[in-house]
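Q: Hi! I'd like to go through this structure with you, a bit at a time. Could you start us off with the charged pairs?

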Amino acid sequence: MRYWLFKSEPSTWSWDDQVAKGDAGEEWDGVRNYQARNFMREMALGDRGFFYHSQKEKAVVGVVEVCAVAHPDSTTDDARWDCVDIKAVQPVQTPVTLATIKADPRLAEMALVKTSRLSVQPVTEVEWDIVCGLAGLSKS
């Protein structure tokens with residue numbers, strides 16, 4: 001299993017919107033960055049990810065799971081763009097803010113710190129475990 005981070009502006013697509021989709025999940029569509037698209041192409045069923053609210057909140061607010069592997073993005077006819085489907089797994093007990101992540105030296109190399117504008121990012125297993133601990137979650 002691999003780990004990821006999915007960033008969304010809550011005014012566009014929020015954790016509550018994701019939860020409302022239930023086990024069917026929802027396409028992580030509209031991504032128009034080649035690196036983020038390539039990360040989605042690497043994803044496998046069952047991979048886990050952090051759901052991150054950008055803009056004002058700037059915090060990890062939930063955990064999601066990849067429930068459909070990369071396929072054409074339904075929001076465009078351009079064959080270059082793929083997306084995955086994700087479903088909500090659980091909310092965090094304590095939101096983990098970007099400030100908290102940046103303040104933790106163990107997370108200094110995390111993609112969220114290094115390439116913060118990327119909407120889909122890899123998370124290492126060590127980073128996953130640390131953020132889960134900060135969020136009050138078990139590691140799995």
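Q: How many salt bridges does the count come to?

A: The count comes to eight salt bridges, where a salt bridge is a side-chain nitrogen of Lys or Arg within 4 Å of a carboxyl oxygen of Asp or Glu. This is a predicted model, where local features need pLDDT of at least 70 and side-chain atom pairs count only at pLDDT 80 or more, while totals for chains, interfaces and linings use all residues. Residues are numbered from 1 along each chain as its sequence is written, and side-chain values use heavy atoms, with hydrogens and water left out.

Q: Good to know. Which residue does D73 form a salt bridge with?

A: D73 pairs with R32, and the closest N and O atoms are 2.9 Å apart. That pair links distant parts of the chain, 41 residues apart: D73 is in the loop between β4 and β5, and R32 is in the loop between β2 and α2 (34-42). Helices (H or I, at least four residues) and strands (E, at least two) are DSSP runs, numbered from the N terminus.

Q: Is D73 buried or exposed?

A: D73 is buried, with a relative accessible area of 2%. Buried means under 20% relative accessible area, exposed means over 50%, and partly exposed is in between, using a 1.4 Å probe and protein chains only.

Q: What about E65, which side chain does that one meet?

A: E65 meets R48 in a salt bridge, at 3.1 Å from N to O. E65 lies in strand β4 and R48 in strand β3, so this pair ties together parts that are 17 residues apart in sequence. Both E65 and R48 are buried.

Q: And E26, what does its side chain meet?

A: E26 and K21 form a salt bridge at 3.5 Å, N to O. E26 is partly exposed, with a relative accessible area of 23%, and K21 is partly exposed too, at 39%.

Q: Which residues are the closest to its centre?

A: Of the 19 lining residues, K7, S8, E9, S54 and S119 are the closest to the centre of the largest pocket. β1 (3-8) and β2 (26-27) are the elements that give two or more residues to the lining.

Q: What does K7 touch?

A: Leaving out residues up to four places away in sequence, the contacts of K7 include W28, Y52, S54, R117 and S119. Contact means heavy atoms within 4.5 Å.

Q: Now the helix α5. Which of its residues are buried?

A: In α5 (residues 125-135), the buried residues are E127, W128, I130, V131, C132 and A135. What covers them includes β1, β3 (48-53), β4 (59-72), β5 (82-97) and β6.

Q: What follows α5?

A: G136 follows α5, with a positive phi near 80°.

Q: Where is V96 found, and what does it touch?

A: V96 is in strand β5, and counts as buried at 1% relative accessibility. Among the residues that V96 touches, not counting those up to four places away in sequence, are V131, L134 and A135.

Q: Last one: what is phi of Q55?

A: Phi of Q55 is near 65°, a positive value in a residue other than glycine. Q55 lies in the loop between β3 and β4. K58 is found in the loop between β3 and β4 as well, and phi of K58 is positive, near 45°.

Definitions and conventions. On a 1 Å grid over the protein atoms alone, a cavity is a set of points where a 1.4 Å probe fits but cannot get out, and a pocket is an open set with protein on both sides within 12 Å along at least five of seven lines; lining residues have an atom within 4 Å of a point.
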